[in-house]
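Please keep the sequence and the structure in view while reading.

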Amino acid sequence: MGLLIDGKWHDQWYDTEATQGKFVRSQSQFRNWIVSPTELDPNDDTHFPAESGRYHLYVSLACPWAHRTLIFRHLKQLEQHISVSCVHPHMLENGWEFKDEPRFQDKHVAAGDPLHDFQFAHQLYTHANPDYSGRVTVPILWDKQRHTIVSNESADIIRMFNSAFNHLTGDQEDYYPESLRSEIDTLNERIYDTVNNGVYKSGFATTQAAYEEALHPLFETLEFLEQRLASKLYLTGDQITEADWRLFTTLIRFDPVYYGHFKCNLKRIMDYPNLNAYLERLYKTQEVANTVNLEHIKQHYYYSHDTINPTRVVPVGPAILFRTEI
Ligand SMILES: N[C@@H](CCC(=O)N[C@@H](CS)C(=O)NCC(=O)O)C(=O)O
């Protein structure tokens, strides 16, 4: 675990001393946009054209943020247009690594860096910007033509995937429809702060107070969502939107990892009947299950975060997901 400072790699854990034990997430720094041919402004160098075969998506199968982008690539039928590969689940002194170890092979996503054969993800960042300072995170959306990172922000990448390539795929499904935008934005804001990032704030807290400050809002939001789903199939009604997929990638990791490793243990998702059924419903939608790799998920968190789990022993369970034996 580390970061780049002026293009040089430094192995250091998150510094929570300056923030009274609280984990504070940094902002993503590559925020360009892939746009459809009708929206493309050739004089705007933050615009990248939506072209088949031009972009590569680097993900970690363990990471909830990267997982969103993998789901959108699948749902929006972009598999033929955007190539993908994954990092090794263990993130150690060199950060994310490209290493193809047989025991971690995934059925659907190849491991490694097929474009440059780099060993570490931080080499992609310095290839794009030799003086880069900041964290080296996944997902990374790479442009094979301009040899740079288009975006390292999952919230932006799923929006691009949602609409920019429709002319190539013919897929018009819209997960951020105009009529629901303000409702989706409001849900996203609360869920990001208290759930998606809330589990990290709980797990990476280094004081009791910082941990509890994250834990209670997390469970308040889960109760709120449980109530909401009593009368709705999905967060905004009958239609699946990006708000659902953004929540899904955290919920699927909750019982296997966050409940134990991140101490989010007031209740399991399994203990909420509506959330449990909702999670199972999303999991069974359009082969999204193929994007879930529980082995990468458990190995990543329990093995990489040695300040939280110094023995690096990875739990065998849970044996049950969605109240069903797995
Ligand atoms: N805001 C980013 C966050 C991505 C992120 O934090 N990814 C984690 C993996 S779950 C990571 O790569 N962390 C490495 C680090 O912080 O050094 C996004 O949503 O894309």
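Which residues are the closest to the ligand, and how many surround the ligand?

## Basis of the model

This is a predicted model, in which local features need pLDDT of at least 70 and side-chain atom pairs count only at pLDDT 80 or more, while totals for chains, interfaces and linings use all residues. Residues are numbered from 1 along each chain as its sequence is written.

## Ligand shell

The ligand is surrounded by 15 residues (C-beta atom, placed from the backbone, within 6 Å of the ligand), and the closest are Cys63, Trp65, Arg135, Thr137 and Ser154.

## Annotated positions

An unreviewed UniProt entry lists Cys63 and Tyr200 under "active site", in the numbering used here and with the caveat that annotations may be inferred rather than shown by experiment. They span 138 residues in sequence, yet no two of their C-alpha atoms are more than 11.6 Å apart, so they gather at one spot.

Cysteine 63 lies in the loop between β5 (55-59) and α1, and cysteine 63 counts as buried because 26 C-beta neighbours fall inside 10 Å (20 or more are needed for buried, 12 or fewer mean exposed, and partly exposed is in between, with C-beta atoms placed from the backbone). Tyrosine 200, in helix α6 (residues 198-204), is partly exposed, with 17 other C-beta atoms within 10 Å. Helices (H or I, at least four residues) and strands (E, at least two) are DSSP runs, numbered from the N terminus.

## Domains

An automatic or database assignment gives domain 1 (3-169) and domain 2 (178-286), whose centres, taken over C-alpha atoms, are separated by 24 Å.
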